[in-house]
Amino acid sequence: MSNLNRRTFLQAGLGVGGLMLSSGLTRAWAQQGDPIKIGLIIPLTGATSQFGATMGQAAKIAETEINGAGGVRGRPVQIVIEDDQSNPEAAVRAAHKLIDVDKVVSIGGSYASAVTSAIAPLCWEGKTALLTSSGADSITKLPHQGYIFRTSPTVTLQGTSVGKYAVELGGKKMFFLGPQTPFAQSYIDIISAIFEAAGGSGSGLIYEDKKSSYRSEVDQALKESPDVIVLGGYVPDTSVVLKDLYRAGYAGKKLGFSFGINDALTKAVPAEVSEGAYSLIPSAAENSEAYKRLIGKMGRASLDSYSCQVYDHVVLTSLALARTNSGAVNGTAVRDNLRAISAGEGKRTDDAVDALKTVVAGGQVNYDGPSGPLEFADNGDVKGVFFRYEQVQDGKLSLRKVG
């Protein structure tokens, strides 16, 4: 995020370090209890910051909707946002503040897998629910005692989808290039297995990130004569790799993921460098009324899945607390009630306000939000996911299909 955009974001009241309610809202709720604090750890700066600002904006809309409908158990919800700086160490500091100082009941956002892996133990040890948009399969294999809920597709699902699409595009020989992350080797294994099952082959190389050139890594990849290169990095290093592939004259297909090939990347490199590259993008429920309402309130023509997920993180936390019979307002109450408001035989709704009113009246709901279906497996993984397959054409991403 540029300094100007970051400053604008902070001045809009959506920034780092603990958002405060407006004075009018504070007075209105003064007699009804202190705010219920919901934490967000999102990337406002750094390599993964392309979604940070809209994540925060979507969360604030959810906060406004919940409070406009009466809040939770007679108390307003308050979003407290911390910038993870796309860095696990900064995320750990942010998590300590949210859990130990702000006393949040849950933490949402948590986009990069390295960030989520770093803060997850703090959450379950502090009995704080963690709702994450990260993909690494290892996250929900941790001994999290039920405190982790993932609303994004796993690396296995993403890698399988990219591998199958690459084969569908005619690929026979795949090479993966990506930095060291919690999911890099998994991507190599998953995608290579798909190519081998289709009669082809796959291999890969994991590189050190933050380099000014990856020409030696590109040359090593090209020695394998791949007709498909899968890019597993974030925007800064993917930009450099694509430039080196272009200079090397690589003419095969290039596929990546939404965290590396996105609108930010198309603006960061010359059009000819990214031209033809494909991207797999976890998709929001774009045909749902929930999605249409959210983009309308945000004044946008479309919205990424991750921001929709963060909106749902706030709503899910609020509905879970509204449902609890014990009267407890803490992370354990969120954990113990979240599945009951997002799956089952209750009234199916994609409207947060309608869902909250139903729960407060003692009814049962099955809430699905703008990010899509929100039924969770025993390990915390969401069961229903959608993908968009896009391609850079004339310097812009164009939709190829949704599946």
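**Close-up views of strands and salt bridges**

At 32% relative accessibility, D209 counts as partly exposed, a class lying between buried (under 20% relative accessible area) and exposed (over 50%), judged with a 1.4 Å probe on protein chains only. This is a predicted model, in which local features need pLDDT of at least 70 and side-chain atom pairs count only at pLDDT 80 or more, while totals for chains, interfaces and linings use all residues. Residues are numbered from 1 along each chain as its sequence is written, and side-chain values use heavy atoms, with hydrogens and water left out.

**View A. D209 and K210 form a salt bridge.** The closest N and O atoms of this pair are 3.4 Å apart, where a salt bridge is a side-chain nitrogen of Lys or Arg within 4 Å of a carboxyl oxygen of Asp or Glu. K210 is exposed, with a relative accessible area of 76%. By this rule the count comes to 19 salt bridges.

View B. K60 is buried at 16% relative accessible area, and E63 is buried at 4%.

**View C. E286 and R388 form a salt bridge, with the closest N and O atoms 2.9 Å apart.** The pair links distant parts of the chain, since E286 sits in the loop between strand 10 (278-283) and helix 12 (289-298), whereas R388 belongs to strand 13 (residues 386-393), 102 residues apart. E286 counts as partly exposed at 27% relative accessibility, while R388 is buried with a relative accessible area of 15%.

**View D. Strand 8 (residues 228-231) has buried side chains pointing both ways.** V228 and V230 point one way, I229 and L231 the other way, and all are buried. In a regular strand the side chains alternate between the two faces of the sheet.

**View E. Strand 8 runs parallel to strand 6 (residues 173-179), joined by four bridges, and pairs in the parallel sense with strand 9 (residues 253-257) over three bridges.** Two strands pair if DSSP finds at least two bridges between them. L177 stands opposite L231 in strand 8, and the bridge partner of V228 in strand 9 is K253.

Notes
Helix = DSSP H or I, 4+ residues; strand = E, 2+ residues; numbered from the N terminus.
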